Amino acid sequence: MSGIFGLSEEQEKAVNITKNIAVSAGAGSGKTRVLTNRYLRLLEGGLQIEEIAAITFTEKAALEMKERIRKAISEKISLSDSYHKKQWMNHLDKLNRANISTIHGFCSNIVRENAAFLGVDFSFSIIDGIDKSMFLREASQNAVEHCIELEEYEEAVEEIKSTFGEEYLQGTFAEEVLRIRDSVLEEGNSIKKLCENSEESSIRKLCLAVASEIEEAYLNYKLKQDLLDYDDLETMTLKVLGIKSLRDRYRNRYKTLLVDEFQDTNSIQKNILYKIAADDDGRLIDKKLFVVGDFKQSIYGFRGTDYTIFKQVSKDIENEVSLSTCYRSKSEIIKGINSIFRELIDGYQPLKCPKDEEIKEKRIKLLTYKKTRRTSDNVYTEVKNMLQGKESKKFEDIYQALKALKDSSNDITVKENKEGTAVIKAIKLLRDKNLEFKDICVLVRSRAVIPDIEAELKRRNVPYCIIGGVGFYQKPEVDEILNLYKVIVRGFSGEFTYEENKNFIQVLRGSLFEIPDDTLLKMDIEKEESNLENLYEALKVIADGMHSEKLLNTADVLEKLAVLKEKFSVVQIIQSIIKECNVFEIMLCQDNGLQKFRNIEKLLQEAEKFDRDQLFTLEQFADYINLLDEENGDDSEAALDTEDSEAVKIMTIHQSKGLEFKGVIIPKIHSDLLSMSKKYKPNLVYSKNSIILSKDLEDTKLTTPAYEEYLNSKLEKEIEETERLLYVAMTRAEDYVILTGGDDGKDPAPIKDETDKIKELNSFLKQLKYAFKVGNADKELIEFINSDDIEDLEIIKRDIPKVQIDKEKLQKSLHYKGNIKNSASVSASKYMKYKKCPRRFYVESVLNINAGNYVNVINEPTENVKDTLEVAEVEMDEKVKDPVKYLKASELGTIVHKIIEYKNSRLNISDELLTEKVVSKTLGEDSTISLENRTKIRNKIKNYIQNYDLIEKNRKNSGESILSQNEVYFLISPLEDRKTMLTGFIDRLEVFKLEDKNAAVITDYKTNYIDSDETLCNLVKIYTPQLRLYGKAIKDNLYVEGRKIDKVLLKIYFLGKGICVDVPYRDESVERTINDMDKIFGRNFETMKVEDFPKAEKHECEKCVYKDICLN
C-alpha cells in the first residue's frame, strides 16, 4: 500500500484529480474507498463541497458515502494544524448539504430550482410506484374501451379479433399496449409522433392511439395532483440543460461529477451528465468527470440500463484505470472465478489476488444430486400438453394418454425435497468450516425456490431470516383473507362470474369455514335445480334444510360481513373479518401459527396505508395487493428472526449487490433461467421504433420473422445477463461459495452461433459445465461433491424464551362479543378544534357543513363573521386584526411556511422571487384583489420572513448538527391497542449531538396577530399540547445513527413579532392529552347524536358563525 490515504498503487491512479478518469472496478476492489478518497482529494485541492456532485445508484449508497466522508473529515480535523483544521471544520459543517444523491435526487434539485421555467410547482411530489401502476392500469382499460368503439379503428379491431381472438382484445391487449408505451418512452421517443406517422387503420395505429390516450390521461392526472415520476425528472432536467444560460450555470456550479455504478446508466442519464461535463460540441471538459463501473456486474437490464454506455464513455474519457485486485475473497475463490468466467463473459477482465498464494483448499464447491424424472411426470406432461391442443409423439389420442397416466399411478410417490436438502447439506459443510449461521447467505435468482429451502430449515430448527424475501402476498393465510374480502366487497346479489364463483368456493373450503366438498356439490346442484342466482343463495337454502350448525354459522357470518362495505373502510372490513371468523385464534392453533399471525398483522398495515392514501375504491384494494405482489414480489413475511440475529440470511442475488458474506450458497443452479421469458410471449411488442406483431395477418399460423428476431435477441441478452448475475453471486463470497442443484448427467455441446446460447447456457449449471467441458476452466480449483455423500444437518437446539400466556385474557378473546373499538386518525389541530367547541366540530367535521354555504357573506363581511371565516383551523378562531384584506389566515400561514421551507432547502432562489411565486400560486388570478392589497400582502409576508431571519440569527448553537428536515410527517400509535393513530406535520426537525446525547429540536412557525403579552401567553398555552405531541412522536420513534432521542427541545417562532418561545416537554402532560384524545376519538361519531356534542361556553357562541343555525 502507498500514498497518504493508505491506497494501493492502482487505487492511487484512480484518485488523480488532474484529469478525467474512467475506473473499471472489479468485485471487491475497493471502489467505495476510491470514491471517498477522490472526494477528499478534491476538497484538499481547493474545491468546496457545493462544487462537487457525487451520484450513487441507491439512496443507501449515498448515505454510506456521506458517512465515510464525515468520518474521514473528522479524522483530518484531529490530525491537522489550526489553519487546516478550520478549513476541514468548514467542510464538515457543509456536509449535510453536500450534493451526494442518486441521479434522480440530482435531477430533482435541478427541476425544483427551475420549476417556474418548466411550469411545475416548486413543491411537486414523486408519484408512488404502486399508485402509478394502479392509475395506468385503469387508464389503459379506459383508453382501450374508448378507441375500439371509434369508427376509424373498426378495421384494426376486426384484424385483432381474427388474428389473436376477442378474449385477447378484452384482456391482455391493454397490458401489452401499456408495455409498448413504456418502451417508447424509455427510448425517449414521442408516442404522438409515432402515431401520426403510422399507417391509417392499422393495428399499429390503434396501439399507438391507445398509448397516446393513456399518456394524456396520465399527464393530466400528474398535473392535477402536482406529481412527477422519475422519467419526468430526467426529461425535464434535459430540457433545463438544453438552454445555454442554464447549462452554463450548472457547469460553473459543479466543477466535477463523480458517478458510481456507471454500468447501470441509461442513455438519457448519460446525456444529462454530458450536458454538464462536456462542452457544447460534446467534448469532455478537463477534470470534469469521474466514473466508476464494472460491466461484469451489470444486472439491471430489465430496468432499461445499458452497460455498453460505460464502454462508450470510457473511450471518450481516454484515461481508463483498472481496479482488478480483489480484497474481499480468498485467493482460491478468485482463481476459480477467473477460470470459469474467462470462458463465459466476452472481454472478461480477470481479478487479481492481493498476494500470490498457493492453493490450500478448494473453496468453490459444486454440490449436486441426481436429477431424474418419474414415469408419471413424463405422462402427466404429455396429458397436459394434449389437453392444451398440442400434438403428442407418444400417444395417438387423449384416451390412450389418460390410460397410461392411470397405469403409472404406482410410480407416484411423495416428491422428495432434494433442493431444500442440498442447501441444508451445504450449510453443514460451512458449519464444519467453523462458520456461524449469521456468516452464511443463500442467494437465489428467483423467490420460487425459497419455500423448499424454508421447509427444510424449519424442519431442522435452523434460524433464518428472509431479507426482502418471498411472497408475503401469496401466503395461504393472506390469500384466504383477501378472497373473503373480495367476496364481501362484491356482495351477494346477481349471478357470479367464473372468477367470483371460484373465490366464493375457495373461501368456503378454506380454514375459516371448512365446508367439505360434498356439501359444496350439494350447493351447486341446489343452485341449478332451484334456479337460484348464485352459490350464496344455495348456501342459505342448504343450511336451513340440513340444520347444520356449521352451515348456519357460515351463512350468518357472511350476512353480517356483507353489510360492511357500505360504511366501513378497507382496514375496518379486514378487522371485522378477523373478529367474526376468529382468524387470529385459528392461525395460532396451526403449524407455524405465530408467523401467520404476524403476516395478518402486516396485511392490516397495508390496508391502513391504502385507506390513508384515499386514492382508490374498496373494490380496487385486491388489485392494489396484486400490484404490490408484482412490483414488490420480494416483499418479505413479517420478520421473526432479524437481519442482525444469529440466522442464515436468504435474499435475491440482485439484493446482494454491494454486500459480502463469509459463506455463500447458490441453490437450484439447474433451473431454466429463461422459463418465464419463454412462457410469456406477447402478441405485440415494440422494438427499433416499430410495433411488431407475433403472427402473420395473412396466415395466423406463421410467426413473423421480425418477431422471431426480436425474441431471439431478447433471450440472448438475458443469457448474457444471467452469466453476469452468476458472477455477482459468486463474488459476494469471502471464504466459501457452494452451488447446489440437480444434475441430469448431460454434457453441453459447443456453441456455433449466438442462438445456440439459448439452448446450451440457459441454467447456471449448464454455464458451469460449459466452462469446464467445452472451455478450458481448471477443474482442479473446484470441488465436485455428490449430495448423497454428505451427512444431514442435525436438528438445532435453540434456546427459545418461553412466553407466559395470560389464560384469562385468552379466554376472554375467544368468547369476546363486544364492539370493536373505532379506529381513528387524529391530528393535534383536530383535537384542538374539538376542545374549542364539540358542537362546532360536529357540524363541520361529522355533518360536513361549510359555513360559507350557509352564511350570507357579501363583498365586505362584518368583522366578526370575517374573522371567524378567515382563521385557520389550528388558529383557534383568533381574531385577525390585520390591514390585509381578502387573505385568509390559513392562506397566509401556508405562504409563509412554504417560503421558509424553500429557504431551508438547498435551492438557490432569492426571498423576493420565492415570495412572488408562492403568493401567485396561492392567490391565482383573483381579480377581486387590487394591486394595492397585493402589495400589502407582499409587505406583510416580507415582515414575517425578516422576523424569521432575525430569530435564526439570534438562536443559540445547540451542538453538532446530524439531521435537519422540513415538513416532517409522522403517524404513531401511542396506545397499546394501536387503534388511535396520531398524525401531524412538524415544520422543522433538527437533531444535534450534545454532550454525547442526541437532542431533537422541534420548531413550529406561527403567524398569529399578537397585540399584548396576555395574547402571547394565551397562544403559548393553546399550542403547548400540540408541540408536546410532536415531541412524543419524535422521542419515541426517531433513531439517528442507531440511537434514540435523549432530549426534546420545543420552540415556537411567532413570526408576527419575531419572538421565539421555548416550551418545556413533559411526559405526564402528553400522556393525559393522548388519553383524552383516545377517549374522544375512539368513539364512532357516525352513530352519535347531536346531544353527545355539547356547546362551548357562551362567550364563544357569541362570535361563532354558526350561532344562528347551531343545532339545538
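Biologist: Is Lys-270 buried or exposed?

Modeller: The model is a predicted one. In it, Lys-270 lies in helix H15, which spans residues 267-277. A residue under 20% relative accessible area is classed as buried. Lys-270 has a relative accessibility of 17%, and therefore it counts as buried.

Biologist: Which residues does Lys-270 touch, not counting residues up to four places away in sequence?

Modeller: Val-313 is 43 residues from Lys-270 along the chain, yet their C-alpha atoms are separated by 8.6 Å. With residues up to four places away in sequence left out, the residues touched by Lys-270 are Thr-265, Ile-309 and Val-313.

Biologist: Is Gly-26 buried or exposed?

Modeller: Gly-26 is among the residues that the unreviewed UniProt entry annotates as "binding site". Its place is the loop between strand E1 (21-25) and helix H2 (31-44). Beyond four places in sequence, Gly-26 touches Asp-294, Gln-297, Leu-323 and Leu-351. The relative accessible area of Gly-26 is 9%, so this residue is buried.

Biologist: At what angle do helices H23 and H24 pack?

Modeller: Phe-504, Ile-505, Leu-508 and Arg-509 of H23 meet Asp-517, Leu-520 and Met-523 of H24. Five of these contact residues are nonpolar and two are charged. H23 passes H24 in a right-handed crossing. The axes lie 10 Å apart, and the packing angle is about 145 degrees.

Conventions:
Residues are numbered from 1 along each chain as its sequence is written. This is a predicted model: local features need pLDDT of at least 70, side-chain atom pairs count only at pLDDT 80 or more; totals for chains, interfaces and linings use all residues. Side-chain values use heavy atoms; hydrogens and water are left out. Axes are lines fitted to C-alpha atoms, for helices over the stretch in contact, and angles run from 0 to 180 degrees between N-to-C directions. Helices (H or I, at least four residues) and strands (E, at least two) are DSSP runs, numbered from the N terminus. A crossing is left-handed if the near helix is turned anticlockwise from the far one by less than a right angle, and right-handed if clockwise. Contact means heavy atoms within 4.5 Å. Ala, Val, Leu, Ile, Met, Phe, Trp, Tyr, Cys and Pro count as nonpolar, Asp, Glu, Lys and Arg as charged, and the others, Gly among them, as polar. Buried means under 20% relative accessible area, exposed over 50%, partly exposed in between (1.4 Å probe, protein chains only). UniProt positions are given in the numbering used here, feature names are shortened, and annotations may be inferred rather than shown by experiment.
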